[in-house]
Amino acid sequence: MVKILMRAGLSPLDNLDAGQVIAKNLIRDNAGNMLFPYSIMRILMREDTQITTIAANCLYSAKQIARWNEEYDYFVIPLANAFRRSFRIELGFLTSLVKQLKIPCVLIGAGVQAGINGLSGARECDADVKEFLKAVLEKSAIAGVRGEYTAQYLKGLGFVEEKDFTVIGCPSMYLHGPKLPQKQIKELTPKTKVSFNCKIKAPRKLGRFVFHSAKRFRRYAFIPQGIDDLRLLYAGESINREKFPKIFKPYPWEPDSKIYASGHEIGFTDARSWLEYLSKADFSFGTRIHGNIAALIAGTPAFIFASDGRILELARYHNIPHMPAGDLTEETDIFKVYDQTDFSSVTRGHAQRFAHYADFLEQNGLSHIYMQGDEYGKSPFDEIMAKLPTHGPVQPLYMLTKEQQAKRLDDYQALVNENGNLQKNEKLKALAMKLPVSLRNAVIKVCSR
């Protein structure tokens, strides 16, 4: 039996309902984070494989880490745009954990937070990134990173491409191995069923374009990914305007917002429901990289309007149809964009990219379901998922009956209250990273799991 420990806020095997996920923020602020463990689990789960997930946003006791060293064979670390200032504390937690683990530690898909024109502003966490990557490389053959900007950044820190790291893109894109499901491309009309996505902090011009484009269709759904959006959907909590002072119109931020009140806004707290919903749409577009990657791996054509380098490097690497946000003009029209796009581009080179990804896993000693000798592409993960109920989309609170609203709010408030002590502990653990080593143990003793 091969036992893998994996960093993830939410395991698809846990099959938690929306209230639990939202109250505890198990998506770590962004529903896109659900796709990494979902895809990686499917690829790595063979008949003799057991995968357990852990959060890595805290310090763990030496006793707990010793148990993991004894019980597990690998620590797998999926990351998104982790090389950024706002992730420094959690990156410190990960570095501390990796240094204490004695098992192989494999980094899959980390990226730098970059602007649309490159690496301006990415230097603040140089020392943290170097320390983290050096710790990982002591426990693995090679690190896997997202794309061109991340490669450029790491070279600037002194790391060597194809020796210390290799570009693998986003692991979510390899859910189905060397093939991507793809629908027949239909004519785009106002009757087409579309899904769209948009970041709450999208540039005003881009955000308005995306929302105005969506309203040209009769059947459209806005699928946000942020935890604040999901709290609005689930519990009717207005988005904090102090936290997001520059929300553009018509972004839904309160229950009276038109898209929310009309039932055109839905959300997801499990990857399988999200993919099943998108498989029934005819087109997806917007500013969210993983909102559109979800569509692609569900077989639905997608188009991304890229507002920064972290999106652009993945779109370029995977040949995902896209347009830099700066190229938008008054003449840009979603129907013309659709008609002029070659949606088959994403399949070109996909088998080769997957082969490189599989080779990366094998270099690090990780077996997978597409290896020779296995029943090619068959995963016990699929069998487990088929037995679990799906939760479907999170509908706006005020679309429910009064009785359903009351029950949802009562259950949610109980979960929030239960989570209060956990949040206090997380704050203490975050503060511990700033303390001298001699004082950290006192905090860890109080907060250890």
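Ser284 stands opposite Ala302 in strand E10. This is a predicted model, in which local features need pLDDT of at least 70, side-chain atom pairs count only at pLDDT 80 or more, and totals for chains, interfaces and linings use all residues. Residues are numbered from 1 along each chain as its sequence is written, and side-chain values use heavy atoms, with hydrogens and water left out. Helices (H or I, at least four residues) and strands (E, at least two) are DSSP runs, numbered from the N terminus.

Start with the strands. E9 and E10 pair in the parallel sense, over three bridges. Pairing requires that DSSP finds at least two bridges between two strands. From E9 the chain crosses through helix H11 (residues 289-297) to E10, and this β-α-β crossover is right-handed. Right-handed means that, with the strands pointing away from the viewer, the path from the first strand over the helix to the second runs clockwise.

Now take the other partner of this strand. E10 runs parallel to strand E11 (residues 322-324), joined by three bridges. Phe305 has Met323 as its bridge partner in E11. The chain gets from E10 to E11 through helix H12 (residues 309-317), and this β-α-β crossover is also right-handed.

E10 is mostly covered. Five of its five residues are buried, where buried means under 20% relative accessible area, exposed over 50%, and partly exposed in between (1.4 Å probe, protein chains only). Ala302, Ile304 and Ala306 point one way from the strand. Phe303 and Phe305 point the other way.

Phe305 leads on to helix H7. Leu206 is found in H7 (residues 204-214) and touches Thr287, Phe305, Ser307, Ala325 and Leu328, not counting residues up to four places away in sequence. Contact means heavy atoms within 4.5 Å. Leu206 counts as buried because its relative accessibility is 2%. The buried residues of H7 also include Phe209, Val210 and Phe211. The buried residues of this helix pack against several elements, among them strand E9 (283-286), strand E10 (302-306) and helix H13 (334-339).

Finally, the core. A nonpolar core is a set of buried Ala, Val, Leu, Ile, Met, Phe, Trp, Tyr and Cys residues joined through side-chain atoms within 4.5 Å. The largest one has 152 residues, of which Phe75, Phe83, Leu154 and Phe285 touch the most other members. Helix H2 (residues 35-44) supplies the largest share of this core, seven residues. Phe75 touches residues including Leu5, Ile54, Leu94 and Val106, not counting residues up to four places away in sequence.
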